[in-house]
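Morning, everyone. I have one structure to show today, and I will keep it short. Here it is on the screen.

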Amino acid sequence: MIDSTSDTAFTQHALDALTKRTKAALHNIANQNVEGFKRYTVRFEDKLREAIDAGESEATVEATVERDTSGPIGANNVVLMEELALLGKTQIMHDYMLRRAAGYFSSINKAIQGR
(Lines give C-alpha, C1' and ligand atoms only; values in the text may rest on other atoms or scores of the structure.)
Protein backbone atom coordinates (compact mmCIF):
# COMPACT_ATOMS: atom_id res chain seq x y z
CA MET A 1 0.00 0.00 0.00
CA ILE A 2 1.21 3.50 -0.81
CA ASP A 3 1.41 5.99 2.01
CA SER A 4 0.06 9.03 0.17
CA THR A 5 1.31 11.56 2.68
CA SER A 6 4.83 10.14 2.68
CA ASP A 7 4.85 9.66 -1.10
CA THR A 8 3.78 13.21 -1.91
CA ALA A 9 6.15 14.60 0.72
CA PHE A 10 9.04 12.67 -0.83
CA THR A 11 8.09 13.88 -4.31
CA GLN A 12 7.99 17.48 -3.05
CA HIS A 13 11.40 17.13 -1.36
CA ALA A 14 12.87 15.58 -4.51
CA LEU A 15 11.51 18.41 -6.67
CA ASP A 16 12.87 20.96 -4.18
CA ALA A 17 16.29 19.26 -4.33
CA LEU A 18 16.26 19.34 -8.12
CA THR A 19 15.33 23.03 -8.10
CA LYS A 20 18.17 23.78 -5.68
CA ARG A 21 20.56 21.79 -7.89
CA THR A 22 19.51 23.77 -10.96
CA LYS A 23 20.00 27.08 -9.16
CA ALA A 24 23.40 25.99 -7.83
CA ALA A 25 24.59 24.86 -11.28
CA LEU A 26 23.42 28.11 -12.87
CA HIS A 27 25.17 30.10 -10.11
CA ASN A 28 28.34 28.07 -10.69
CA ILE A 29 28.20 28.71 -14.44
CA ALA A 30 27.67 32.43 -13.87
CA ASN A 31 30.81 32.49 -11.71
CA GLN A 32 33.01 30.22 -13.82
CA ASN A 33 35.43 33.04 -14.59
CA VAL A 34 35.60 34.53 -11.09
CA GLU A 35 39.03 33.94 -9.61
CA GLY A 36 38.90 31.92 -6.40
CA PHE A 37 35.22 30.98 -6.73
CA LYS A 38 34.36 27.58 -5.27
CA ARG A 39 31.35 25.81 -6.74
CA TYR A 40 28.19 24.90 -4.86
CA THR A 41 26.85 21.36 -4.72
CA VAL A 42 23.54 19.91 -3.53
CA ARG A 43 23.42 16.82 -1.33
CA PHE A 44 20.23 14.80 -1.60
CA GLU A 45 20.73 11.28 -2.95
CA ASP A 46 23.38 10.33 -0.40
CA LYS A 47 21.28 11.77 2.43
CA LEU A 48 18.32 9.76 1.10
CA ARG A 49 20.44 6.59 1.10
CA GLU A 50 21.56 7.29 4.66
CA ALA A 51 17.96 7.79 5.80
CA ILE A 52 16.82 4.55 4.19
CA ASP A 53 19.74 2.64 5.72
CA ALA A 54 18.83 4.09 9.12
CA GLY A 55 15.19 3.01 8.67
CA GLU A 56 13.88 6.56 8.45
CA SER A 57 11.14 7.76 6.12
CA GLU A 58 12.20 9.08 2.71
CA ALA A 59 9.79 11.97 3.25
CA THR A 60 12.01 13.42 5.99
CA VAL A 61 15.04 13.94 3.74
CA GLU A 62 15.77 17.47 2.60
CA ALA A 63 18.52 18.67 0.28
CA THR A 64 21.35 20.82 1.53
CA VAL A 65 23.50 23.23 -0.48
CA GLU A 66 27.21 22.97 0.31
CA ARG A 67 30.40 24.60 -0.89
CA ASP A 68 32.89 22.38 -2.74
CA THR A 69 36.23 23.63 -1.46
CA SER A 70 38.32 21.18 -3.48
CA GLY A 71 41.22 22.41 -5.55
CA PRO A 72 44.00 24.86 -4.81
CA ILE A 73 43.28 27.88 -2.65
CA GLY A 74 42.47 30.87 -4.84
CA ALA A 75 41.64 28.69 -7.86
CA ASN A 76 38.21 28.40 -9.43
CA ASN A 77 36.90 24.80 -9.40
CA VAL A 78 33.95 25.19 -11.81
CA VAL A 79 34.12 22.98 -14.92
CA LEU A 80 31.60 24.24 -17.46
CA MET A 81 30.97 20.89 -19.16
CA GLU A 82 30.32 19.19 -15.81
CA GLU A 83 27.83 21.88 -14.83
CA LEU A 84 26.04 21.62 -18.19
CA ALA A 85 25.88 17.82 -17.89
CA LEU A 86 24.49 18.22 -14.37
CA LEU A 87 21.82 20.60 -15.69
CA GLY A 88 20.80 18.06 -18.34
CA LYS A 89 20.59 15.23 -15.81
CA THR A 90 18.65 17.45 -13.42
CA GLN A 91 16.15 18.39 -16.11
CA ILE A 92 15.50 14.72 -16.92
CA MET A 93 15.00 13.88 -13.24
CA HIS A 94 12.73 16.91 -12.77
CA ASP A 95 10.57 15.82 -15.70
CA TYR A 96 10.39 12.30 -14.27
CA MET A 97 9.33 13.51 -10.82
CA LEU A 98 6.68 15.81 -12.31
CA ARG A 99 5.25 12.91 -14.33
CA ARG A 100 5.32 10.74 -11.23
CA ALA A 101 3.34 13.33 -9.28
CA ALA A 102 0.95 13.92 -12.17
CA GLY A 103 0.25 10.19 -12.46
CA TYR A 104 -0.40 9.91 -8.75
CA PHE A 105 -2.84 12.83 -8.69
CA SER A 106 -4.48 11.65 -11.89
CA SER A 107 -5.25 8.28 -10.27
CA ILE A 108 -6.68 10.02 -7.20
CA ASN A 109 -8.80 12.23 -9.46
CA LYS A 110 -10.12 9.16 -11.27
CA ALA A 111 -10.97 7.49 -7.98
CA ILE A 112 -12.84 10.56 -6.77
CA GLN A 113 -14.77 10.86 -10.01
CA GLY A 114 -15.49 7.10 -10.08
CA ARG A 115 -13.90 6.39 -13.45
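**Overall shape, then salt bridges**

Start with the whole chain. The radius of gyration is 18 Å, whereas a compact globule of 115 residues would have one near 13 Å. Keep in mind that this is a predicted model. The C-alpha trace spans about 60 × 30 × 15 Å along its principal axes.

Now the fold. There are three helices and two strands in the protein chain. Along the sequence, they follow the pattern α-β-α-β-α. Take the contacts between residues at least 6 apart in sequence: 72% of them join residues at least 24 apart.

Of the 115 residues, 29% count as buried. The chain exposes about 7,700 Å², and carbon and sulfur atoms supply 57% of that.

Next, the charged pairs. Side chains of opposite charge can pair when their charged atoms come close. How many salt bridges does the count come to? It comes to seven.

Let me take Arg-39 to begin with. Which residue does Asp-68 form a salt bridge with? Its partner is Arg-39, and the closest N and O atoms are 3.6 Å apart. Asp-68 sits in the loop between strand 2 (64-67) and helix 3 (80-113), and Arg-39 in the loop between helix 1 (4-30) and strand 1 (40-43), so the pair ties together parts 29 residues apart in sequence.

Arg-39 also meets Glu-83 in a salt bridge, at 2.7 Å from N to O. Glu-83 lies in helix 3 and Arg-39 in the loop between helix 1 and strand 1, so this pair ties together parts that are 44 residues apart in sequence.

Is Arg-39 buried or exposed? Arg-39 has a relative accessible area of 14%, and the cut-off for buried is under 20%, so Arg-39 is buried. Glu-83 is buried as well.

Now a second site. Arg-43 forms a salt bridge with Glu-50, with the closest N and O atoms 3.5 Å apart. Arg-43 is partly exposed, at 24% relative accessibility. Glu-50 is partly exposed too, at 48%. The pair belongs to a network of salt bridges that links Arg-43, Asp-46, Glu-50 and Glu-66.

Last, a nonpolar feature. Which residues make the nonpolar surface patch? They are Val-79, Leu-80, Met-81 and Leu-84, and the patch is about 350 Å². Of these, Leu-80 lies in helix 3. Leu-80 is partly exposed, with a relative accessible area of 33%.

That is my tour. Over to you.

Technical notes: Residues are numbered from 1 along each chain as its sequence is written. This is a predicted model: local features need pLDDT of at least 70, side-chain atom pairs count only at pLDDT 80 or more; totals for chains, interfaces and linings use all residues. Side-chain values use heavy atoms; hydrogens and water are left out. A salt bridge is a side-chain nitrogen of Lys or Arg within 4 Å of a carboxyl oxygen of Asp or Glu. Helices (H or I, at least four residues) and strands (E, at least two) are DSSP runs, numbered from the N terminus. Buried means under 20% relative accessible area, exposed over 50%, partly exposed in between (1.4 Å probe, protein chains only). Patches are made of residues with over 30% relative accessible area and no salt bridge: like charges are joined within 9 Å, nonpolar side chains (Val, Leu, Ile, Met, Phe, Trp, Tyr) within 5 Å. Accessible areas come from the Shrake-Rupley method with a 1.4 Å probe; for residues, only the protein chains shown count as cover. The radius of gyration is taken over C-alpha atoms; the globule rule is 2.2 Å times the number of residues to the power 0.38. Contact means heavy atoms within 4.5 Å.
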